[in-house]
Amino acid sequence: MSADTIIHRIVRPAVRLVAPSRITPNHITTLRLITGIAAAVAFAAGDDGWLAIGAAIFLLSMLLDRADGELARQTGQSSVAGHRYDLVSDCFSNIIAFIGLGIGQMGALGLLGPALGVAAGLAVGVLFWQLHILRVGQVRGYRLAPGILVDPDDLLVFVPILVWAGATVPMLFAAAIITPAAALWLAIAGSRQGDAERGA
């Protein structure tokens, strides 16, 4: 994963201000987890006002996701345990965000809403497991233009954007299809890579 994406650059000045304080990367990770849960609860409420609030909290949570690692690097507080805590918090926050979105759309979709949310959320969890635990594939940044680098999980910024645009239901359908498909594709690619390595 890159440490110099556009979101890292956005949070870097704020992290520089916090660095001399007693705030640790784990404090920020905990705040990321709390805001992730809060976003999911707001999404689950389902009405337009709570969806908008949930989207704002989710965006803040994404920024905190980058801020904890940035603070660890700036202050030399990186650790294996901190990295694991960060991964678990990120994964859990993203999973429950989609589940919350699905629950919130029960009024429009009935039980299909939670089913879509669970499908997308569990697939996010599988992708995290594949990429960060099994290390199938490689998480790397993509340079969209000079000075604009993004990681695959930066695509989650579209969640609040689409919620604010009133496209929650189409986004939920897309996430429930694309995310499991990506996890399946990664599993197949990893299996082929393993077969190739065993045959070499």
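Reader: Why are Arg73 and Glu70 separated by about one helical turn?

Author: This is a predicted model. Arg73 and Glu70 lie 3 residues apart in helix H3, which means about one helical turn between them. Their side chains meet in a salt bridge, with 3.5 Å from N to O. Arg73 counts as partly exposed, at 42% relative accessibility.

Reader: Is Arg12 buried or exposed, and what is the relative accessibility of Glu70?

Author: Buried means under 20% relative accessible area. Arg12 has 17%, so it is buried. Glu70, at 5%, is therefore buried too.

Reader: How many salt bridges are there in total?

Author: The count comes to 6. One of them joins the side chains of Arg66 and Asp154, 2.6 Å from N to O. Arg66 belongs to helix H3, while Asp154 is in the loop between strand E2 (148–150) and helix H7 (158–164), 88 residues away. Arg66 is buried at 5%, and Asp154 is buried at 7%.

Reader: How does one find empty space inside a model?

Author: Rolling a probe the size of a water molecule over the atoms shows where empty space is left. Here the structure holds 1 cavity of 30 Å³ or more, and the largest cavity has about 60 Å³ of space.

Reader: Which residues line the largest cavity?

Author: Among them are Arg32, Asp65, Arg66 and Asp154. The lining divides into 3 nonpolar, 1 polar and 5 charged residues. Helix H3 (residues 48–75) gives the largest share, 3 residues.

Conventions
Residues numbered from 1 in each chain as written. Predicted model: local features only at pLDDT ≥ 70, side-chain atom pairs only at ≥ 80, totals over all residues. Heavy atoms only, no water. 1 Å grid on protein atoms, 1.4 Å probe; cavity = no way out; pocket = protein on both sides within 12 Å on 5 of 7 lines; lining within 4 Å. Points joined across faces, edges and corners; volume = space filled by probe spheres on them. Helix = DSSP H or I, 4+ residues; strand = E, 2+ residues; numbered from the N terminus. Nonpolar A, V, L, I, M, F, W, Y, C, P; charged D, E, K, R; others polar. Salt bridge = Lys/Arg side-chain N within 4 Å of Asp/Glu carboxyl O. Buried < 20%, exposed > 50% of the residue type's maximum accessible area, 1.4 Å probe, protein only.
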